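Subject: Structure handover

Hello,

Here is the structure I promised to pass on. My notes follow below it.

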Amino acid sequence: MKRKGGDWMHDVTLPKLSEDTDESLIVLWFVDEGDYVEEGAVLCEVQTEKAVSEIRAETGGTVKKIHVKRGDSAKAGTLLAVIDPKGQAAENTGAPEKVHLEQAEESEAAQETASFTRVSPRLRHLAKELDVKLEDVNGTGKGGAITEQDIRDEAGL
């Protein structure tokens with residue numbers, strides 16, 4: 001933890017994930033700046049030449065800044081993000097978030113009803129980031145399940 005502007009902040013740095021290399025690719029962020037995270041929550045997914053790993057929050061709080069964007073490479077020890085442990089979960093009583101949540105639930109329910117294909121939250125997040133509609137994806141996995149590669153193929157990657 002480091003003190004920044006009078007407040008204590010937690011730096012999220014990239015650990016050395018492999019003996020062979022100290023560089024990793026940021027594959028996907030599961031959080032955005034301003035999001036509240038619990039201790040142990042997955043923040044991002046990083047990839048070395050040999051494996052994909054998850055970086056988890058060592059403390060709960062609000063994500064203040066993301067320093068390395070999706071698709072960028074970083075070396076071990078690089079500052080990935082900053083978490084404010086004093087940050088609170090949003091307690092906004094405004095209706096827009098509630099409406100947005102209800103719309104998202106209805107949309108997910110419609111997708112599951114239409115396709116009868118279960119998709120993990122991680123793959124739903126990837127599809128959203130790549131602007132891919134899950135109902136347009138043809139699943140090639142076991143029993144027609146949608147795989148990460150199916151989503152990437154639909155996105156043209």
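**A salt bridge within a helix**

E148 and R152 sit 4 residues apart in helix α3, about one turn of the helix. Their side chains form a salt bridge, 2.9 Å from N to O. By salt bridge I mean a side-chain nitrogen of Lys or Arg within 4 Å of a carboxyl oxygen of Asp or Glu. R152 is buried at 17% relative accessible area, whereas E148 is partly exposed at 24%. Buried means under 20% relative accessible area, exposed over 50%, and partly exposed in between (1.4 Å probe, protein chains only). E45, R122, E148 and R152 are linked in a network of salt bridges.

**Before you read on**

This is a predicted model: local features need pLDDT of at least 70, side-chain atom pairs count only at pLDDT 80 or more, and totals for chains, interfaces and linings use all residues. Residues are numbered from 1 along each chain as its sequence is written, and side-chain values use heavy atoms, with hydrogens and water left out.

**Overall layout**

The protein has 3 helices and 9 strands. Helices (H or I, at least four residues) and strands (E, at least two) are DSSP runs, numbered from the N terminus. Along the sequence the pattern is β-β-β-β-β-β-β-β-β-α-α-α. Of the 157 residues, 32% count as buried.

The salt bridge count comes to 7. One of them joins K75 and E23, at 3.8 Å from N to O. This pair links distant parts of the chain: K75 is in strand β8 (residues 73-75) and E23 in strand β3 (residues 23-29), 52 residues apart. K75 is partly exposed at 46% relative accessibility, and E23 is partly exposed at 34%.

R70 forms a salt bridge with E129, their closest N and O atoms being 3.1 Å apart.

**Helix α2**

Which residues of α2 are buried? They are L123, R124, L126 and A127. Seen down the helix axis, the buried residues fall within an arc of 160°, so they line one face of α2. That arc is taken from the directions from the helix axis to the C-beta atoms. The face turned away from the buried side carries exposed P121 and K128. D131 follows α2 and has a positive phi, near 60°.

A57 lies in the loop between β6 (52-56) and β7 (61-66). A57 is buried, at 4% relative accessibility.

Best wishes
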